[in-house]
Amino acid sequence: MEFEVINKNKDELVFMVNGADIAFVNAIRRICMMEVPTIAIDDVNLVKNDSAMFNEVLAHRLGLLPIASDIKSIEGLVMPDECDCGEYCPQCSVPMTLNKKGPCVVYSKDLESLDQKIKPVYDTIPLLKLKEDEEVCLEAYAQLGIGKEHAKWQPTIVCAYKFYPELTFGDECTSCGNCAGACPRGVLQYNNNKVEIMDLTNCSMCKSCYRACDDRVINISFDDSKFIFKIETDGSIPPEEVLLKACDVLSDKADKIIEIV
Ligand code: SF4
Ligand code: SF4
Ligand SMILES: [Zn+2]
């Protein structure tokens, strides 16, 4: 199996996999979304909430905040069901507090965490608005969890793959350039009286080029063992960590099956 990184930045990873089958690639996709643990606020004790926002809505908003969950940050933290404390302890949870008095907009940065590594990834997510003399005072507990339990623990915003496109021109091609003019993604460009393929990975296989070709001499197909995979996260965990962790989870599952058989 070949693997090649096409594009990578802090929150996004695009790579090519060659020589895999669709079941394997889809298993990795599902595990990336559903079984890679991240941290999210799971319990909120509201001491005071004078704002117009209902307690439940505020708790829901807090639950959806992306919280730093990379390997270094969560080191030493265990899943709640692996902890025998029965409630909240430093091994399985991170306490956070929020105390603000209006008038002001309360932002994610106002949430104070007991663990400096485990805190909201972004400072400027608005949580609620307080008018003159209104107050909010709460205590929250963040815990590890997986997307299968609740969407707030999903690390990925985009996690998808597509077949690797294949584009060929028949011998009858007259280099008229119509296909390049019809391509909405700039994959084909007409330069010096000939059509050039610029970035095949950007092709969505929409077939606009095929429809623009009077003689239908451009062929669009795909290689069913070659994929372009994209992972974009909410910032709580780097995409390469999501992929590596998903591979570990899949490998553990395979080991378990072998053991059972
Ligand atoms: S439209 Fe058809 S004939 Fe014209 S350049 Fe494209 S493939 Fe060739
Ligand atoms: S299939 Fe669509 S995206 Fe791909 S080259 Fe043709 S027009 Fe462009
Ligand atoms: Zn515990």
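Reply: Let us begin with contacts: two residues are in contact if their C-beta atoms, placed from the backbone, lie within 7 Å. This is a predicted model, in which local features need pLDDT of at least 70 and side-chain atom pairs count only at pLDDT 80 or more, while totals for chains, interfaces and linings use all residues. Residues are numbered from 1 along each chain as its sequence is written, and chains are lettered from A and ligands numbered from 1 in the order in which they are written.

Me: With which residues is Lys226 in contact, leaving aside its neighbours within four places in sequence?

Reply: They are Met16, Asn18, Phe163 and Tyr164. Asn18 is 208 residues away from Lys226 in sequence, yet their C-alpha atoms are 4.3 Å apart.

Me: Is Lys226 buried, exposed or partly exposed?

Reply: A residue is buried if 20 or more other C-beta atoms lie within 10 Å of its own, exposed if 12 or fewer, and partly exposed in between. Lys226 counts as partly exposed because it has 16 C-beta neighbours inside 10 Å. Lys226 lies in strand S12; strands (E, at least two residues) and helices (H or I, at least four) are DSSP runs, numbered from the N terminus.

Me: Which residues of helix H1 are buried, and what do they pack against?

Reply: In H1, Ile28, Ile31, Cys32 and Met33 are buried. These buried residues pack against strand S9 (156–169), strand S12 (218–233) and helix H5 (239–260).

Me: How is the length of H1 checked?

Reply: The expected span of a helix is 1.5 Å times one less than its number of residues. For the 13 residues of H1 (residues 22–34) this should be 18 Å, and the end C-alpha atoms are 18 Å apart, which agrees.

Me: In what order do the strands of the open sheet lie?

Reply: Two strands pair if DSSP finds at least two bridges between them. Here 4 strands follow the order S3-S8-S4-S6, with antiparallel pairing. Strand S3 (38–49) and strand S6 (112–113) are at the edges, each with a single partner strand, so one side of each has no neighbour in the sheet. S6 pairs with strand S4 (residues 93–101) over 2 bridges, and Thr97 stands opposite Glu112 in S6.

Me: Which residues come nearest to ligand 2?

Reply: A residue is near a molecule if its C-beta atom, placed from the backbone, lies within 6 Å of it. Of the 14 residues around ligand 2, the nearest are Cys183, Cys203, Cys206, Ser208 and Cys209.
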